[in-house]
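Please read this report with the sequence and the model open side by side.

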Amino acid sequence: MRHLESFLVLNEAGTLTLAAERLHMTQSAVSHWLSEMEDLVGARLVLRGKRMTLTAAGEAVRKLALRVLGEVSRTSDELVSLAKGDVARLHIGSVTAGVAHLIPRAILAFQARHADVAFQVTEGTFNVLLGRLEEREYDLIVGSIDARAYGPHLEHEVLFADDIAIVVSPDHPLAQATTVSWSELYQYAWVMPPRETLMRVRLDTTLLERGGAGIKPSVETGSVVVLESVLRGSTYIGVCSAAIARHLTGLGLVTTLPIADVGSFGPVGAVWRRGGQNETIANFLALLRAEASLR
């Protein structure tokens, strides 16, 4: 464990001199320790120079260190909490643009059966959340998923397939229209999902096919709250999943425009670490399935 902690310090420091200072060791001792680590691994871990850089093997050790130390830290925190009589905790990463309504309903249903389990939910894009899942900061990711969910160290389950929806404020000039053309949409500013998200990639493809290749977003966000707040009282055009659009429309916050051929949003599902599905996660997944079937 100490070796992994020291390796992370070395990587952050970037030089043997600074690492030795932070580890309260001599530079020669750090150099000797690093050589022993490389002998143990059977490969060079860093490329020495003015500033050290990790080799492919070094990067693998860095990721291993983050995963192991993250799991140890979380386990220690949970043991302390249990010793104090506190409740267990489930950490969920939420790609909210796809499931803002799904997770809260599943949590309420779960806690009606298991009041001793607390939840911590953090929003983010899939790629950021996935990295934190692999580092064991989260137990589960729920939201739109792509090919990365098929990674060798991961397991996943598709809950439902969704479409993209175009939404506006209920006061928007197009809100009462019975038909809307793509060319009409291009007259207004747009709120779009962040670049490199699955929904944005598919939206850009749709715009390209519908003569809107030059359309650029005035606002980029994966937050449903920000989306609704920007649309409120403005003439901006918003983009979200059809499931979110139905949820917001039901609350009277947006109007979904009647426009055809918007495109598929893709699969919405849950992702967890292979071998990391305990009874708590399995029970929560069952409730996610049940809530998804009622959407």
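Which side chain meets that of Glu220 in a salt bridge (3.4 Å, N to O)? The partner is Arg200.

## Basis of the model

This is a predicted model, in which local features need pLDDT of at least 70, side-chain atom pairs count only at pLDDT 80 or more, and totals for chains, interfaces and linings use all residues. Residues are numbered from 1 along each chain as its sequence is written, and side-chain values use heavy atoms, with hydrogens and water left out.

A salt bridge here is a side-chain nitrogen of Lys or Arg within 4 Å of a carboxyl oxygen of Asp or Glu. The count by this rule is 9 salt bridges. Side chains of opposite charge can pair when their charged atoms come close.

Helices (H or I, at least four residues) and strands (E, at least two) are DSSP runs, numbered from the N terminus. Glu220 also bridges to Arg195, with the closest N and O atoms 3.3 Å apart. Arg195 lies in the loop between β7 (190-192) and α9 (198-209), and Glu220 in β8 (residues 219-220), so this pair ties together parts 25 residues apart in sequence.

How exposed are these residues? Buried means under 20% relative accessible area, exposed over 50%, and partly exposed in between (1.4 Å probe, protein chains only). Arg200 is buried because its relative accessibility is 6%. Arg195 is exposed at 60%. Glu220 is partly exposed, at 35%. Salt bridges that share partners join Arg200, Arg195, Glu220 and Asp204 into one network.

α3 has 15 residues. From first C-alpha to last, α3 reaches 21 Å, close to the 21 Å expected at 1.5 Å a residue. That expected span is 1.5 Å times one less than the number of residues. The buried residues of α3 are Val30, Trp33, Leu34, Met37 and Glu38. Seen down the helix axis, they fall within an arc of 140 degrees, so they line one face of α3. The arc is that of the directions from the helix axis to the C-beta atoms. An α-helix has 3.6 residues a turn, so residues three or four places apart point the same way. Exposed Ser28 and Asp39 sit on the face of α3 turned away from the buried side.

Glu38 has a charged partner. Its salt bridge is with Arg48, with the closest N and O atoms 3.8 Å apart. This pair too links distant parts of the chain: Glu38 is in α3, and Arg48 is in the loop between β1 (46-47) and β2 (53-54), 10 residues apart. Glu38 is buried, with a relative accessible area of 12%. Arg48 is partly exposed, at 37%.

## Either side of α3

His24 is found in the loop between α2 (16-23) and α3 (27-41). Its phi is near 60 degrees, a positive value in a residue other than glycine. Most residues other than glycine have a negative phi, and most peptide bonds are trans. His24 is exposed, with a relative accessible area of 75%. Just after α3, Gly42 takes a positive phi of about 85 degrees.

## Domains and their interface

The domain assignment gives domain 1 (1-65), domain 2 (75-160 + 267-293) and domain 3 (162-266). Such bounds come from an automatic or database assignment. The centres of domain 2 and domain 3, taken over C-alpha atoms, are separated by 28 Å.

Contact means heavy atoms within 4.5 Å. By that rule, 14 residues of domain 2 are in contact with 13 residues of domain 3. The two domains bury about 1000 Å² between them, 67% of it on carbon and sulfur atoms. Buried area is the accessible area (1.4 Å probe) that two parts lose on being put together, summed over both. Across this interface the rule finds 0 salt bridges.

## Two leucines

Leu66 lies in helix α4 (residues 56-83). It is partly exposed, at 24% relative accessibility. Leaving aside neighbours within four places in sequence, Leu66 is in contact with Leu8 and Glu135. Leu66 and Leu8 are 58 residues apart in sequence and 8.2 Å apart in space, C-alpha to C-alpha.

Leu294 lies in the segment after α12 (279-293). Leu294 is exposed, with a relative accessible area of 66%. Its C-alpha is separated by 9.8 Å from that of Leu102, 192 residues away along the chain.
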